[in-house]
Amino acid sequence: MSNPSPAVLAELKSALGPSGWTEDAAEIAPWLTEWRNRWQGHTPLMLKPATTAEVAQAVAICARHGVAIVPQGGDTGLVGGQIPYGEVLLSTRRLRTVRDVTPLDDAMTVEAGVTLLEAQQLAAKADRFFPLSLAAEGTATIGGVISTNAGGTAVIRYGVMRDLVLGLEAVMPDGQVFNGLKRLRKDNTGYDLKQLLIGAEGTLGVVTAATLKLFPIMRSRATAVVGLADPHAAIQLLARAKSETGGGVEAFELMKRVGVDFALKHIPGVREPLDSVQPWYALIELTSGEPGAAEAGMERILTAAFEVDLITDAAIAQNEAQARDFWKLREEQSAAQKPEGGGWKHDVSVPVSRIADFLDEATAAVERFEPGARVSAFGHVGDGNMHYDVLCPPGADLKAFLGRWEAGSEVVHDIVARYEGSISAEHGLGRLKTEEARRYKSPLEIATMQAIRAAIDPQRIMNPAVLF
């Protein structure tokens, strides 16, 4: 692997034409840093291909000269895997074609630069539902959420991105195009090659298009916020809700009061969700194909929960505007932390049955390790994924606090490992966690991943700083 010479850069420019690349520092600058400003990268050239053929040309040139590439979608990742440090930056944002929408197959095929929000809207126009939803959906691209195997808020019912992809098209590290766009639910003819590319963080190729699963639109939806004494009550309530609805729980999100306080303080338009102040809150969303069934189910579940003291307060959204307000409170949890200073960020998962125990143990351990630190825990408790963030104590030395991030994360992640969890539930490893993951992955897992990568990308030109 080498840095691109002027001759290689000239060859790339010629292949993609004047609209297919830029060296303009002002145009490139926004794509060289991530949302938390932890990484500030650099690149000699940003490529902007508009077709799969152009991506293939660019990758083939880089492969021929051993030049490294960092693929990038909407730049919404939080672990630095999309930031180049001297590599050529290949943006997929101009891959915008909607190739096919087939409601009878419950499928649509879109290119990698289509945003997640646009994909949702395309599905809705066809009277279908694409369920992946996350706070950055207006910017996050289909190629990006496939490459990081994103989860979002509806995993409990529909699964992660890996479960929502029927077929893929990708440019492999030698410039060949893998034509794997299929609408099939069953194809038992050997290794499922698309699954290698999903979650690979751009290390095995560049995703250029995907065929996505669609679902029927639910005809009733109910959204509520409830107050809870502790996360143990939340886990019991989740179990009751799943049992009562027969799988109708679409989202079950947990928030600690400190995060609600941050949102009320820093995010315009956020309001108290309940009449009382509670230690913990759960945002619950039920859906049903039967008109009125979700609303009736929510009333039934909450009434029963009150009777056994599982919840201490509750509010059911009376209209779409109120439901959006409830969701805004949840979705702005990360943004609300930024004005409070820096923090140690953890995107972890444990078995759902162990979430409350993990939160108890991790918080006690963090408070011993860093007295005065503020733990803001929130996330997709319905699928075991918690965003466990540790903020600097008020008035403390922020630089010194951030310098203890690695040691503090080891405290949290060792507990996650003991609970048979994962140190990265939905953001990937990226630059942030690749080396740390060696502490928790077995030698066999690492060696197998390295062997797969060496077979597909022997020059290691694809996102070389990420993964094993």
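In the predicted model, Ile461 touches Cys62, Ala63, Gly66, Val67, Ala68, Ile69 and Pro173, where residues up to four places away in sequence are not counted and contact means heavy atoms within 4.5 Å. Ile461 lies in the segment after helix H17 (443-456); helices (H or I, at least four residues) and strands (E, at least two) are DSSP runs, numbered from the N terminus. With a relative accessible area of 0%, Ile461 is buried; buried means under 20% relative accessible area, exposed over 50%, and partly exposed in between (1.4 Å probe, protein chains only). Ile461 and Cys62 are 399 residues apart along the chain, and their C-alpha atoms are separated by 7.9 Å.

The model is a prediction in which local features need pLDDT of at least 70 and side-chain atom pairs count only at pLDDT 80 or more, while totals for chains, interfaces and linings use all residues. Residues are numbered from 1 along each chain as its sequence is written, and side-chain values use heavy atoms, with hydrogens and water left out.

Cys62 also takes part in a contact between two helices: Val8, Glu11, Leu12, Ala15 and Leu16 in H1 meet Glu54, Gln57, Ala58, Ile61, Cys62, Arg64 and His65 in H3. By class, this contact of H1 with H3 has seven nonpolar, two polar and three charged residues; Ala, Val, Leu, Ile, Met, Phe, Trp, Tyr, Cys and Pro count as nonpolar, Asp, Glu, Lys and Arg as charged, and the others, Gly among them, as polar. The axes of helix H1 (residues 6-16) and helix H3 (residues 52-65) come within 9 Å and cross at roughly 165°. H1 is therefore roughly antiparallel to H3. Axes are lines fitted to C-alpha atoms, for helices over the stretch in contact, and angles run from 0 to 180 degrees between N-to-C directions. Angles under 35 degrees count as roughly parallel, over 145 as roughly antiparallel, 65 to 115 as roughly perpendicular and the rest as oblique. The crossing in which H1 passes H3 is right-handed; a crossing is right-handed if the near helix is turned clockwise from the far one by less than a right angle, and left-handed if anticlockwise.

Helix H8 has contacts with helices H13 and H10. The axes of helix H8 (residues 231-245) and helix H13 (residues 355-369) come within 8 Å, with a crossing angle of roughly 170°. This angle makes H8 roughly antiparallel to H13. Pro231, His232 and Ile235 of H8 make the contact with Ile355, Ala356, Asp357, Leu359 and Asp360 of H13. Five of the residues in the contact of H8 with H13 are nonpolar, one is polar and two are charged.

The axes of H8 and helix H10 (residues 293-307) come within 10 Å and cross at roughly 140°, and H8 is therefore oblique to H10. H8 passes H10 in a right-handed crossing. On the H8 side the contact is made by Leu237, Arg240, Ala241, Glu244 and Thr245, and on the H10 side by Arg300, Ile301, Ala304 and Ala305. The contact of H8 with H10 comprises five nonpolar, one polar and three charged residues.

Trp344 lies in strand S16 (residues 343-344) and counts as buried, at 0% relative accessibility. Not counting residues up to four places away in sequence, Trp344 touches Phe369, Glu370, Tyr388, Asp389, Val390, Phe401, Leu402, Arg404, Trp405 and Gly408. The C-alpha atoms of Trp344 and Val375 are separated by 9.5 Å, and these residues are 31 apart along the chain.

Positive phi values occur at two aspartates. Asp106, although not a glycine, has a positive phi of about 50°. Asp106 is placed in the loop between strand S5 (98-102) and strand S6 (107-111) and is partly exposed, at 23% relative accessibility. Asp127 has a positive phi near 60° and is likewise a residue other than glycine. Asp127 is found in the loop between helix H4 (116-125) and strand S7 (128-129), and its relative accessible area of 37% makes Asp127 partly exposed.

For the protein overall, there are 17 helices and 19 strands. The radius of gyration is 23 Å, close to the 23 Å that the globule rule gives for 468 residues, so the protein is as compact as a globular protein of that length. The radius of gyration is taken over C-alpha atoms, and the globule rule is 2.2 Å times the number of residues to the power 0.38. The C-alpha trace spans about 70 × 55 × 45 Å along its principal axes. Buried residues make up 54% of the 468 residues. Among contacts between residues at least 6 apart in sequence, 73% join residues at least 24 apart.
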